[in-house]
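Me: I would like to go through this model with you step by step. Could you look at the sequence and structure below, and then take my questions in turn?

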Amino acid sequence: MVIRPPGVGRDVPRNLFFVECNSTGIVIRGKGDENVVISTAAIRTNSKFAQFCNKVKKTRDSRMLFLVRKTGNSSYQWAAGLAETKFDLNTSKLPVPKDGEIDLSLFNR
């Protein structure tokens, strides 16, 4: 499945950072196979999620984009809430209607 980013308006950030939300937690989507899996229960104390949030915060013109699967609302609420309140990040969400692989190649500019 190919995910197309929202492109309406002029305020689309140049640097998107992806977090997939599913029934068991989140997956920080890196380049290639550089994905980090974190359970929902560990989101608020996980050092890799904190490092990822700090990386997003330090990157100019950036936004964290949550790819939310139909069973991932709980993990989305934990991760987005933490990113917004503790790290003061701009976030957006994009529902992913089906299960399976997500092709993020369209996001590469």
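Me: How many residues does the protein chain have, and what percentage of them count as buried?

Reply: The protein chain has 109 residues, and 39% of them count as buried. Buried stands for under 20% relative accessible area, exposed for over 50%, and partly exposed for what lies in between (1.4 Å probe, protein chains only). The model is predicted: local features need pLDDT of at least 70, side-chain atom pairs count only at pLDDT 80 or more, and totals for chains, interfaces and linings use all residues. Residues are numbered from 1 along each chain as its sequence is written, and side-chain values use heavy atoms, with hydrogens and water left out.

Me: How do β1 and β4 pair?

Reply: β1 and β4 pair in the parallel sense over seven bridges; two strands pair if DSSP finds at least two bridges between them. Within this pairing, Cys-21 stands opposite Val-68 of β4.

Me: And what joins β1 to β2?

Reply: A hairpin with three residues joins β1 to β2. The two strands run antiparallel and are joined by four bridges, and Val-19 has Ile-28 of β2 as its bridge partner. As for cover, five of the seven residues of β1 are buried.

Me: In which sense do β2 and β3 pair?

Reply: β2 and β3 (residues 36-39) pair in the antiparallel sense, over four bridges. Val-27 has Val-37 of β3 as its bridge partner. Six residues lie between the strands in this hairpin, where Gly-32 takes a positive phi near 65°.

Me: What is Phe-49 in contact with, leaving aside its neighbours within four places in sequence?

Reply: Phe-49 is in contact with Ile-26, Ile-28, Ile-38, Ile-43, Ala-79 and Leu-82, where contact means heavy atoms within 4.5 Å.

Me: And Met-64: buried or exposed?

Reply: Met-64, found in strand β4, is buried, with a relative accessible area of 0%. Leaving aside its neighbours within four places in sequence, its contacts include Phe-17, Val-19, Phe-52, Cys-53, Ala-83 and Leu-89. The C-alpha atoms of Met-64 and Leu-89 are separated by 7.4 Å, although the two residues are 25 residues apart along the chain.

Me: Back to α2. Which of its residues are buried, and why are they on the same side?

Reply: The buried residues of α2 are Ser-75, Tyr-76, Ala-79, Ala-80, Leu-82 and Ala-83. They are on the same side of α2 because they cover an arc of only 160° around the axis, the arc being that of the directions from the helix axis to the C-beta atoms. What covers these residues includes β1, β2, α1, β4 and β5 (91-96).

Me: What about Asp-88: where is it found?

Reply: Asp-88 is found in the loop between α2 and β5. It has a positive phi of about 55° although it is not a glycine, and it is exposed, with a relative accessible area of 61%.
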